[in-house]
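I opened this model to look up a few points, and I note them here in the order in which I took them.

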Amino acid sequence: MQTPVYKFQPEDHDNVYEPAEDSFLLLDALEDELEALEQLRPLVCVELGPGSGIIVTALSKAFGNCVSYCIGVDINPRACRVTKRTGQLNDCQVEVINMDLLGGLRDGCVDLLVFNPPYVPTADADSCELEGRIGEFSAEGHNLVKSWAGGFDGMVVTKRVLKDLDRILSKDGVFYLLLLKENRPLKVIDFLKIEGFIGKIIKERKIRGEHLFVLKVSRK
């Protein structure tokens, strides 16, 4: 999978998460999984929080016309615009929805779900703010902190997605999730098992004081 070309305008840098080591780890993991994903033949691919849009665009390039929809879902309108621009720069058909996570998608429609969430643990007060002010995140003044601040355990946003996973994934759907060591990925795998899913670590990398993991999640 080629890393797509992307272009930030000056105003984007303070409002949209730029590709970094975590982005490239997730991209590498998806490249390793490409043969399995081609066999899956997903019709609907969704990336939550695409930011720059390089991952959902890379998936669109890799699958070509085999996928009906490659969709980026972001609560940040600026990120939506950058993702759309990235798709256009790479001659890819990428749809973009300005929305809070998965609530607006119909049941069982997603064959491939990808998420690099806000995973950095922050103070308890920040956790309350993340949940209590979720409706404000779509405002034009989106703060870049919201793209990485994950609440007291770094899992506030991720837990919302995990609770909705059974509803949104298709029968053979798969979910790729990036986590930090402090997010306790093995505990996440145990939770998924209880919920009827199989989770496993497929790639990990230590970078600048962070130990990152990519989980692959599928139904039992």
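Which residues is T83 in contact with, leaving aside its neighbours within four places in sequence? With contact taken as heavy atoms within 4.5 Å, I found P50, G51, S52, G53, V56, V94 and V96 around T83. I noted that T83 lies in helix α4, residues 77-89, and that T83 counts as buried because its relative accessibility is 0%; buried means under 20% relative accessible area, exposed over 50% and partly exposed in between, with a 1.4 Å probe and protein chains only.

Before going further I wrote down that this is a predicted model, in which local features need pLDDT of at least 70 and side-chain atom pairs count only at pLDDT 80 or more, while totals for chains, interfaces and linings use all residues. Residues are numbered from 1 along each chain as its sequence is written, and side-chain values use heavy atoms, with hydrogens and water left out.

For the whole protein I listed seven helices and seven strands, which are DSSP runs numbered from the N terminus (helices H or I, at least four residues; strands E, at least two). Their order from the N terminus is α-α-β-α-β-α-β-β-α-α-β-α-β-β. Of the 220 residues, 52% are buried.

Strand β6 (residues 197-207) and strand β7 (residues 210-219) run antiparallel and are joined by ten bridges, and G199 has V217 in β7 as its bridge partner. Two residues lie between the strands, and R208 takes a positive phi near 40°.

I then looked for aromatic pairs, that is, rings of Phe, Tyr and Trp (its six-membered ring) with centres within 6.5 Å, planes under 30 degrees apart counting as stacked, over 60 as edge-to-face and the rest as tilted. The structure holds one such pair. The ring centres of Y6 and F8 are 5.7 Å apart and the planes stand at 75°, so the pair is edge-to-face. Y6 is partly exposed at 31% relative accessible area, whereas F8, at 12%, counts as buried.

Last, I checked which helices line the second largest pocket, and recorded that α6 (156-168) and α7 (185-194) each supply at least two residues of the lining. A pocket here is an open set of points on a 1 Å grid over the protein atoms alone, where a 1.4 Å probe fits, with protein on both sides within 12 Å along at least five of seven lines, and lining residues have an atom within 4 Å of a point. Among the lining residues I noted K159, L162, R184 and F191.

Technical notes:
Two strands pair if DSSP finds at least two bridges between them.
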